[in-house]
Amino acid sequence: MDGPTELGISAAPARDVRGIGWAIAVYLDWLRLLYVITDEQLYVKHGLISRDVTAIRLERVQNTSYEQTILERFLSFGDVRVFTAGTDTEDVTFRSVPNPERVKRTLVHLLSEQMPEGNGPRQPVQ
């Protein structure tokens with residue numbers, strides 16, 4: 001008999017270490033990403049030590065949508081997409097956020113607060 005099993009050595013500890021390493025990497029990736037919605041802007045902040053911030057004024061937001069797979073719907077998370085004026089593509093995607101329908105409703109509510117009385121076009125906040 002040859003091979004590592006003869007000595008009672010298995011590859012399980014190596015798999016465990018890789019699994020723990022993967023879990024730590026996912027956790028650190030989650031720590032370094034922050035989505036912020038205020039009554040004036042949306043922010044996506046990346047970075048644990050250094051920081052990269054994307055900010056979009058709410059007055060530029062033209063449309064929002066959210067998407068969930070069957071598993072994401074069961075687990076109550078998904079992606080929220082934000083489209084802004086002057087582009088045909090999404091500008092920001094909030095990925096894997098809890099309760100994406102609620103996030104989208106919050107954005108729609110904030111956008112409707114910026115609408116003037118009546119059904120006219122939305123005016124920029126001064």
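Does Asp 79 count as buried or exposed? Keep in mind that this is a predicted model. Asp 79 has a relative accessibility of 12%, and because the cut-off for buried is under 20%, this residue counts as buried.

You will find Asp 79 in strand β5, which covers residues 77–84. Beyond its close sequence neighbours, Asp 79 touches several residues, including Ser 65, Tyr 66, Phe 94 and Pro 100. A polar atom of the Asp 79 side chain lies 2.9 Å from the backbone nitrogen of Ser 96. Asp 79 also forms a salt bridge with Arg 95, with the closest N and O atoms 3.9 Å apart. Arg 95 belongs to strand β6 (residues 90–98) and Asp 79 to β5, so this pair ties together parts that are 16 residues apart in sequence.

Arg 81 forms a salt bridge with Glu 67, their closest N and O atoms being 3.0 Å apart. Since Glu 67 sits in strand β4 (residues 61–67) and Arg 81 in β5, the pair links parts 14 residues apart in sequence. Here Arg 81 is buried, at 18%, while Glu 67 is partly exposed, at 42%.

Now follow the contact from Asp 79 to Pro 100, which is part of helix α3 (residues 100–113). Pro 100, Val 103, Leu 107, Leu 110 and Leu 111 are buried in α3. Viewed down the helix axis, the buried residues fall within an arc of 100°, so they line one face of α3. The face turned away from that buried side carries exposed Arg 102, Arg 105 and Glu 113.

Key
Residues numbered from 1 in each chain as written. Predicted model: local features only at pLDDT ≥ 70, side-chain atom pairs only at ≥ 80, totals over all residues. Heavy atoms only, no water. Helix = DSSP H or I, 4+ residues; strand = E, 2+ residues; numbered from the N terminus. Buried < 20%, exposed > 50% of the residue type's maximum accessible area, 1.4 Å probe, protein only. Polar contact = N/O pair within 3.5 Å; in protein donor to acceptor, adjacent residues only side chain to side chain. Contact = heavy atoms within 4.5 Å. Expected span 1.5 Å × (residues − 1). Arc of directions from axis to C-beta. Salt bridge = Lys/Arg side-chain N within 4 Å of Asp/Glu carboxyl O. Lists of a residue's contacts leave out its neighbours within four places in sequence.
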